[in-house]
Amino acid sequence: MQDEILSSLSKVTILDGLSTHELFELKKDFQWETFTKEAIIIEEGQKAQFLYLLVEGQVEINSRNQDYNTPQTFGPGQVFGDLSLVTGSASFYTAHCLEPCRFLRMTAEDFARMLLRWPRIYQTIIIQLSEYLNEANQMLSEKKYKEVLSSVIKLTEHQERYYGIWGSVRTTSEVEQTIEKLVNRVGNLLIRGERGTGRQMIAWHAHQRLFGETAPFVVVDGRRFEQQWEGLLSKTGTYSADSSGMPHYSLFDIALGGTIFIHDIDQISIAGQLKLAELLQYHKNKNFIIGSIQTTTSGEGQVVPELQSCFMHTHYVKPLRERKRDIPIITQGILEMLAQRNKRVLPSLTPEAMQLLLSHHYRQGNVNELIQVIERAFFLALEDVIGLEQIFFGPTSEKIGRKINLLQWSFFNKFFKESSGILWLRRISAVLFIVIIVGMITPLPISPELKVLALIWGLWWPIIAVVSPFLGRIWCTVCPFSTIMDFFQNRFHPKRTLPAVIVKYDYLIVSILFVLIFWIEVVSHMRYNLLYTGILLIVIQLAAICVSILYPRHNWCRHFCPLGGFIGVASIGSFMEVRADATVCLNKCTTLECYVGKGDIKGCPMSQHLPYLDNNLDCKLCFNCLRICPHHSVQVNIRIPAREVWHLTRINQGYVVFIGVILFILFPLNYFESLREVWSADKWLMWFSAAYITCALLGGVCGWWIGRPFKTKGASTRIKLVFAVIPLVIAGHIIYQARFIPGIDTIVLGLGSITANGFQSVFVPVLQVFQVSAALIGLLISVPAILIVLYRRKK
């Protein structure tokens, strides 16, 4: 059905200028509709509410007007309702089906949005309208024809694009003074400024002040100036006519009594600029001309002196980073208008969110970028408070290298998209967890106790350490803590906002909890004490439940869980990732299901907005986004390990502290383990604790000094280098945990050969093989990652 829509759109004349990809994006705005024989599609005297594209059947149009009462028959490919939508007037004909017909239908709002989004089809529409009017025996007068052209072009007005908010009193005063100079209409205006600073908004408000909203406001794109307007550039003061007798007005006639805004006037060719300058002199005072030039950090485009002399007034719009006092005022104004339009309570920004807005430099799009950030935050915020987690800055995630999308195979596609399989795995995991906990805190025979301990400490920790660098946070997919936590959260439905201080310093919380739990594990001989193990797991579960009934989503997993922090950093360079096509998300998605959820499926439990997800640190592989994405944008990819490291941008930089901590504690863990049976218990505890805490503090301080965490900046080279050593750090923990795998120290590998002296054999402990293999794999991943980061920095 979707392919049929695409095929039908490709045959429409007015869409000839669109690529296949653009047609693919446009097809979501069309819906199927079927009419029976003799059914009326459009009735004369009524305004059209839709644009109709005939796909199957025949339609006849006729009119009660005696001058135009000759019926005409049309077949597939014909468009109906376009004239009424363009002019805003009632239809002058009735269209009814001669047989059962199928149509593709587009709303008037979507039709206007289509013209705004793809301005290069304006000329095509004008030509199509001209041909249609000619075929209808000039059903409109010359005056009406001019109104049609003006109406089509006038759709480029952007009254609400920038919300009409300038900023502080000083900025507003500067703009008002510039506009005030133009009241007498002496001379034209040239506006300079970076992309997204509001040059077109200033032009529109100047036009309103001079002429009002009803006068023509024609927007011309300098990059396509000659291509689109060559046929409408002439010195004639009245219209000319072609062989068909149809009138052709010049651009200056169409905008007569109004404003022509030439966007990026410096992008017109030299010859075009000279021709334009000549025309401006010829049509002097006929129209008000506003030109704009986009400046960059390296300068601006060139305008020939002849054209430059046509502009008496100039105005420079400062980039937003040079007038940050405007940010709170613009932000508040945007939120007030959004709340009014959407009939919602006006949300407030937390101080930390405002600080984040003020600290950003807006080099991607100035006011435009700020508007996009605030609009996105408004719709992402489920409550009346916008915090750090709803603010997404910078470029979207990139498509990095070649990847294999597992969804191309039906087995994986079905498994990931159907929630039942993963849901049952989570339930089984939770039930086993509860059974194990009950067995730990109740008296059991010694043999089952040892088996449980072997399962948890001897196998669980090493397995997590080994699997996470390859498959990412796959443990979090079936984590029993998370499943039980969800059970309580679904009944309490918390709506509180997580305190900003926790969001800001979550890496310190995770680091402290990880160090504390590891220390308790070692000094209490927890590996050999069933009751202590059960108590620890119950305490962790209760903490997770408390957080889940206080705050929404999985804030425990993202901001508190020490195991989640360890698995998260281990998964940075994993083979597996969940990503989205950012182009599809930003251009097609308006409902943000991946974040807010849909129906019974919740949005991202880790508060991630998928187009901006560019690392695995906070992706739990729950696949909720995959199941609810209406645009099939989500992919589950297999990739080259560690390639993510040298492309890091939007990473929680505070985790360099956590990486430093888990690296430095390996030294006392390995050194004092061998002394445990030699020293007295008190002496060992004192010296181990002192060394352990000292190393943890040193690791955290080193991580802080190297990274100097600042979440508003992109990852620096130093940050990337720290994340590049993660495979080595994880290898160190695998080496440490491997010695506790039950029975591994009793297994050896034997190699034998027959020589002249007889049979020779060599026996190697499996533990050493495992540890050396872990170290080599860590080196093979970390060293290339470090070298590539340094190479890219130098390049």
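**A sheet, its salt bridges and a nonpolar surface patch**

Four strands form an open sheet in the order β1-β8-β3-β6, with antiparallel pairing. Strands β1 (31–35) and β6 (79–80) stand at the edges; each has a single partner strand, so one side of each is left without a neighbour in the sheet. The model described here is a predicted one. In general, the strands of a sheet pair through backbone hydrogen bonds, in either a parallel or an antiparallel arrangement. Strand β3 (residues 50–56) pairs with β6 in the antiparallel sense over two bridges, and Leu53 stands opposite Val79 in β6. Helix α4 (residues 108–117) packs on this sheet, where it touches β3 and β8 (101–107). The direction of helix α4 makes about 65° with that of β8.

Glu33 forms a salt bridge with Arg105, with the closest N and O atoms 2.9 Å apart. Because Glu33 lies in strand β1 and Arg105 in strand β8, the pair ties together parts that are 72 residues apart in sequence. Arg105 counts as partly exposed, at 25% relative accessibility. Another salt bridge joins the side chains of Lys28 and Asp29, at 3.2 Å from N to O. Lys28 is partly exposed, with a relative accessible area of 33%, whereas Asp29 counts as buried at 15% relative accessibility, since the limit for a buried residue is under 20%.

Salt bridges occur between helices as well. The side chains of Arg209 and Glu180 meet in one, at 3.2 Å from N to O. Arg209 belongs to helix α8 (residues 199–211) and Glu180 to helix α7 (residues 169–180), so this pair connects parts that are 29 residues apart in sequence. Arg209 is partly exposed at 40% relative accessibility, and Glu180 is partly exposed with a relative accessible area of 47%. Elsewhere, Lys403, Glu577, Arg579, Arg639 and Glu644 are linked in a network of salt bridges. The structure holds 18 salt bridges.

The patch is formed by Leu728, Val772, Leu776, Leu779, Val783, Leu787 and Leu790, which together have about 580 Å² of accessible area. An α-helix has 3.6 residues a turn, so residues three or four places apart point the same way. Val783, which is found in helix α34, is partly exposed, with a relative accessible area of 38%.

Of its 795 residues, 51% count as buried. Among contacts with a separation of 6 or more, 80% are accounted for by residues 24 or more positions apart. The accessible surface comes to about 37,600 Å², and 60% of that surface belongs to carbon and sulfur atoms.

Definitions and conventions:
Residues numbered from 1 in each chain as written. Predicted model: local features only at pLDDT ≥ 70, side-chain atom pairs only at ≥ 80, totals over all residues. Heavy atoms only, no water. Patch = residues over 30% accessible without salt bridge, like charges linked within 9 Å, V, L, I, M, F, W, Y side chains within 5 Å. Areas by Shrake-Rupley, 256 points an atom, 1.4 Å probe, with all protein chains shown as cover. Salt bridge = Lys/Arg side-chain N within 4 Å of Asp/Glu carboxyl O. Buried < 20%, exposed > 50% of the residue type's maximum accessible area, 1.4 Å probe, protein only. Pairing = 2+ DSSP bridges. Contact = heavy atoms within 4.5 Å. Axes fitted to C-alpha atoms, helices over the stretch in contact; angles between N-to-C directions.
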